[in-house]
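The following paragraphs lead the reader through one structure, from a particular pair of residues to the chain as a whole. Please keep the sequence and the model in view while reading.

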Amino acid sequence: MAAFYVAWNVIPPYFNNYQLQDALDDIARKNSYTGLSDDDIKKTVVTKASSEDIKLREDQVIVTRTPDGLGISVKYQVHVDMVVHPVDLNFTANSLNKRI
């Protein structure tokens, strides 16, 4: 029963991070060839993260542009309240889309 309780509380943040990683790949792929500003890309990432139940601020999103492509990196922490011992989970999601 304890393992089920831990899994019930810990698995959703990992699943949400997986979804965010997929979204970052999509955002980087779509915006490698557009003139969208870094601030607009950050807003897009924050909005998408919010839809995945991840609370981000724009200063947690790093957008890098090189002649080869567009990179997006996000670092964030999720607090999970457990009955005995609360846990802070640290996540990093990265995407790099290289132009062809």
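Arg29 and Asp26 are three residues apart in helix H1, and therefore about one helical turn separates them. Helices here are DSSP runs of H or I with at least four residues, strands are runs of E with at least two, and both are numbered from the N terminus. The two residues form a salt bridge in which the closest N and O atoms are 3.8 Å apart; the term denotes a side-chain nitrogen of Lys or Arg within 4 Å of a carboxyl oxygen of Asp or Glu. Arg29 is partly exposed, with a relative accessible area of 45%, and Asp26 is likewise partly exposed, at 29%. By definition, buried means under 20% relative accessible area, exposed means over 50%, and partly exposed lies in between, using a 1.4 Å probe and protein chains only.

The model is a predicted one, in which local features need pLDDT of at least 70 and side-chain atom pairs count only at pLDDT 80 or more, while totals for chains, interfaces and linings use all residues. Residues are numbered from 1 along each chain as its sequence is written, and side-chain values use heavy atoms, with hydrogens and water left out.

The chain contains two helices and three strands, arranged along the sequence in the pattern α-α-β-β-β. Its C-alpha atoms fill a box of roughly 50 × 25 × 20 Å along the principal axes. Of the 100 residues in the chain, 36% are buried. Among contacts with a separation of 6 or more, 54% are between residues 24 or more positions apart, a contact being heavy atoms within 4.5 Å.

Which parts of the chain does the salt bridge between Asp38 and Arg65 link? The side chains of these residues meet at 2.6 Å, N to O. The pair links distant parts of the chain, since Asp38 belongs to helix H2 and Arg65 to strand E1, 27 residues apart. Asp38 is partly exposed at 29% relative accessibility, as is Arg65 at 38%. Another salt bridge joins Asp59 to Arg57, with the closest N and O atoms 3.0 Å apart. Asp59 is exposed, at a relative accessible area of 59%. Salt bridges with shared partners also join Asp26, Arg29 and Lys30 into one network. In total, the structure holds five salt bridges.

Asn17, in helix H1, counts as buried because its relative accessibility is 14%. Leaving out residues up to four places away in sequence, Asn17 touches Ile54, Tyr76, Phe91 and Ala93. Glu52 lies in the loop between helix H2 (38-51) and strand E1 (61-66) and is buried, with a relative accessible area of 13%. Beyond its neighbours within four places in sequence, Glu52 is in contact with Asn16 and Gln19. Glu52 and Gln21, 31 residues apart in sequence, are 11 Å apart in space, C-alpha to C-alpha.

The chain exposes about 6,700 Å², of which carbon and sulfur atoms supply 57%; accessible areas come from the Shrake-Rupley method with a 1.4 Å probe, and for residues only the protein chains shown count as cover. Tyr5, Val6, Val83 and Val84 make a nonpolar surface patch of about 420 Å². Such patches consist of residues with over 30% relative accessible area and no salt bridge, with like charges joined within 9 Å and nonpolar side chains (Val, Leu, Ile, Met, Phe, Trp, Tyr) within 5 Å. Val6 itself, in helix H1 (residues 2-31), is partly exposed, with a relative accessible area of 40%.
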